[in-house]
Amino acid sequence: MGGGNNWGLNVAVFRNNDGKYEGVTDDAVGGKFWRNFYLKSIDNGQIKGIAEVCKYGEDDIRPCFEGDKPYIKRQIIISFRDNKLKVPEKP
């Protein structure tokens, strides 16, 4: 069987419990629509970052393939509430 060229980025949330970190939750944040994700801040239940995607047409925004240009930088906000992440489907 041939392999694929699929990859993904994940974000994980940990809680400091008296010096011991415990995993709370995680979710995929890249690979499907985002080329890269650069963390900018975490504040008040929001994880903010910048994603790189490619714009092939007015409403055609999707992952960039090798050699595709230009990248478009989009702000992405991931919500963290009730111990769950809500990751946008598409930037």
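The structure is a predicted model, in which local features need pLDDT of at least 70, side-chain atom pairs count only at pLDDT 80 or more, and totals for chains, interfaces and linings use all residues. Residues are numbered from 1 along each chain as its sequence is written, and side-chain values use heavy atoms, with hydrogens and water left out.

The protein contains seven strands and zero helices, and its elements follow the order β-β-β-β-β-β-β from the N terminus. Here, strands (E, at least two residues) and helices (H or I, at least four residues) are DSSP runs, numbered from the N terminus. Among contacts with a separation of 6 or more, 41% join residues 24 or more positions apart; a contact means heavy atoms within 4.5 Å.

Next comes the surface. The accessible surface of the protein is about 6,800 Å², and carbon and sulfur atoms hold 45% of that area. Such areas come from the Shrake-Rupley method with a 1.4 Å probe, and for residues only the protein chains shown count as cover. Of the 91 residues, 25% count as buried. Buried means under 20% relative accessible area, exposed means over 50%, and partly exposed lies in between (1.4 Å probe, protein chains only).

In soluble globular proteins, nonpolar side chains tend to be buried together. In this model, the largest nonpolar core is made of ten residues: Val-11, Val-13, Val-29, Phe-37, Ile-47, Ala-51, Ile-76, Ile-78, Leu-85 and Val-87. At least two residues of this core come from each of β1 (9-17), β4 (46-57) and β6 (71-81). A nonpolar core is a set of buried Ala, Val, Leu, Ile, Met, Phe, Trp, Tyr and Cys residues joined through side-chain atoms within 4.5 Å.

Three loop residues complete the picture. Asp-18 sits in the loop between β1 and β2 (20-30), and its phi is near 55°, a positive value in a residue other than glycine. Asp-18 counts as exposed because its relative accessibility is 81%. Asn-83, in the loop between β6 and β7 (84-86), also has a positive phi, near 60°, and is a residue other than glycine. With a relative accessible area of 38%, Asn-83 is partly exposed. Finally, Asn-44 belongs to the loop between β3 (36-43) and β4. Its relative accessible area is 69%, so Asn-44 is exposed. Asn-44 and Ser-79 are 35 residues apart along the chain, and their C-alpha atoms are separated by 9.2 Å.
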